[in-house]
Amino acid sequence: MLQSMRIIGGSRLTGEIEISGAKNLALPALVTTLLTDQKITLKNVPDLADIRSLLDLLEHIGTDVNYIDKHTIELSTSFIKSVEAPYDFVRKMRASILVLGPLTTRFNRALVSLPGGCAIGSRGVDLHIRALELMGANISIENGYIKTNVNGNLVGCDITFSIATVTGTENVLMAAVLAQGTTRIINAAMEPEIVAFCDLLNKMGANISGAGTSIITIEGVEQLHGTEFEIIPDRIEAGTYAVAAAVTGGKLLLRNCQYNHLTSFFETLTRAGITCDKTETGVTVYRTGQDIAPIDIQTAPYPGFPTDLQAQYTVLMSICNGSASITENIFENRFMHIPELSRMGADIAIHGKTAVVTGVKKLTGAQVMATDLRASVSLVIAGLIAEGETIVNRLYHIDRGYEDIEKKLNSCGANVERFSV
Ligand code: EPZ
């Protein structure tokens, strides 16, 4: 049953929002169960569609999944039933590619469907594949599947990424922790999720150094053991609600948000005239003056401006006091929110990778739809300030990455309702 969201604009968001665990850490963290036959217990796991999809794949492979409570999951993979990640799983959740490294390093073979493109771009996995080849895996691409096998162990070596790929870094980390010898990832992703992921692997007995820098060194070990681990707060969810506070002229405490996970984002908001105060329990965000200053951004790998907050930031600039340019450098098709925002009265011109946003006095409610997680949530934010009613269709995109979004928004004064169509 498809669901939509009805938003009546005009309320200022005030109060506090509890930030859930980070989707983009929880996903690779779940996959670490394939690296040991002992139990992994993950806490503060967000309750999201993407998490449930990945758990389905892990159960298909042979993992026992036990929910202790809504956000605490125990996983153990004492034996595996299959080394295959079928197309049906991977097409729904491209992060399924993360099973490629662990299956190859621990079970010496894997058969993982190529994810194919997605709405925001080609999103190749060629760097993941090349890295495993360099580590000694025999790899072939047959019938849309990546087939790997290796005689004995993978062997550590230098892996230089031409792009600082996040899941590529995570796949190589998992392949390298049980490989023979030393692996160095050069031009590694430096996101907070990567740092936390290396903390988890080290808690499991891995020997990783350099996390958070562009060169990560992994000394292979014989085996990993079980552990307990708490997922860090979701900085992209936090940034999303920060924009919601800013555009509505309200004031929100983003509970558990870590300012230093979003420094370039919060610095940009500050330059735009939004106050972002670090507090004991999170970050408080509110608009100081009436005007929102136009501030240009370019998305970039961490610690640059996050691509996952580009669509949300575009909504803020749609009511700024001037014109701002927004350049998307990571994905080739991440402006799908723009035609929909234009239907709500935004004034945005796209020139290749850059969108020039000229602030307007107000947006007006409309029936809108997006085709990726972050574009969809930017339409919800636009609905919060639009005059009248906005209907956002295809909520399944939002449910992939935002836990209890209408509950969290309504608890701060929004007027949001989900309904089936
Ligand atoms: C991760 O995707 C995140 N997903 C994305 O979040 C995020 O937008 C992205 O990193 C960039 O920060 C997860 O962590 C599960 P990449 P990932 O590999 O790893 C190209 C969200 O909204 N590339 O860093 O897939 C690729 O096409 C999602 O939560 C290759 O060409 O992104 C892209 O243009 C969306 N070949 C760029 O690199 C490769 O082998 C960055 O991709 C790998 C990547």
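Tutor: Let us begin with a term: contact means heavy atoms within 4.5 Å. Please keep in mind that this is a predicted model.

Student: Which residues does Ala245 touch, not counting residues up to four places away in sequence?

Tutor: Under that condition, Ala245 touches Gly250, Leu252 and Val285. Ala245 itself is placed in helix 8, residues 235-248.

Student: Is Ala245 buried or exposed?

Tutor: The cut-off for buried is under 20% relative accessible area. Ala245 has a relative accessible area of 0%, so this residue is buried.

Student: What describes the protein as a whole? How many helices and strands does the protein have?

Tutor: The protein has 14 helices and 24 strands. Its radius of gyration is 21 Å, close to the 22 Å that the globule rule gives for 421 residues, so the protein is as compact as a globular protein of that length. Along the principal axes, the C-alpha atoms fill a box of roughly 65 × 45 × 40 Å. Of the 421 residues, 57% count as buried. Among contacts with a separation of 6 or more, 73% come from residues 24 or more positions apart.

Student: How should I read the packing of two helices?

Tutor: Two packed helices are described by the angle between their axes and the distance between the axes. Take helix 6 (residues 166-176) and helix 7 (residues 192-203): their axes come within 11 Å and cross at roughly 15°.

Student: What does that angle say about the two directions?

Tutor: Angles under 35 degrees count as roughly parallel. Helix 6 and helix 7 are therefore roughly parallel to each other. The crossing of helix 6 with helix 7 is right-handed.

Student: Which residues of helix 6 and helix 7 meet?

Tutor: Helix 6 contributes Val166, Thr169, Glu170, Leu173 and Met174, and helix 7 contributes Ile194, Phe197, Cys198 and Leu201. By class, this contact has seven nonpolar, one polar and one charged residues. The spacing within such lists can be read with a general rule. An α-helix has 3.6 residues a turn, so residues three or four places apart point the same way.

Student: At what angle do helix 10 and helix 12 pack?

Tutor: Helix 10 (residues 310-317) and helix 12 (residues 373-385) pack at an angle of about 25°, and their axes are 8 Å apart. That angle makes helix 10 roughly parallel to helix 12. Their crossing is right-handed. On the side of helix 10, the contact is made by Ala311, Gln312 and Val315; on the side of helix 12, by Arg374, Ala375, Val377, Ser378, Ile381, Ala382 and Ile385. Sorted by class, the contact has seven nonpolar, two polar and one charged residues.

Student: How many of the nine residues of helix 1 are buried?

Tutor: Eight of the nine are buried, and helix 1 (residues 23-31) is mostly covered. Among the buried residues are Lys23, Leu25 and Pro28.

Student: What should I look for in the backbone?

Tutor: Most residues other than glycine have a negative phi, and most peptide bonds are trans. Asn44 is not a glycine, yet has a positive phi of about 60°. Asn44 is placed in the loop between strand 3 (40-43) and helix 2 (49-61), and is partly exposed, with a relative accessible area of 24%. Asn108 also has a positive phi, near 65°. Asn108 lies in the loop between helix 4 and strand 7 (109-113), and counts as partly exposed at 28% relative accessibility. For a glycine, consider Gly136, which follows helix 5 and has a positive phi near 110°.

Student: Which peptide bond is cis?

Tutor: The bond from Tyr302 to Pro303 is cis, with omega near 10°. Pro303 is found in the loop between strand 18 (297-298) and helix 10.

Technical notes
Residues numbered from 1 in each chain as written. Predicted model: local features only at pLDDT ≥ 70, side-chain atom pairs only at ≥ 80, totals over all residues. Heavy atoms only, no water. Axes fitted to C-alpha atoms, helices over the stretch in contact; angles between N-to-C directions. Helix = DSSP H or I, 4+ residues; strand = E, 2+ residues; numbered from the N terminus. Parallel < 35°, antiparallel > 145°, perpendicular 65-115°, else oblique. Left-handed = near helix turned anticlockwise from the far one by under 90°. Nonpolar A, V, L, I, M, F, W, Y, C, P; charged D, E, K, R; others polar. Rg over C-alpha atoms; globule rule 2.2 N^0.38 Å. Buried < 20%, exposed > 50% of the residue type's maximum accessible area, 1.4 Å probe, protein only.
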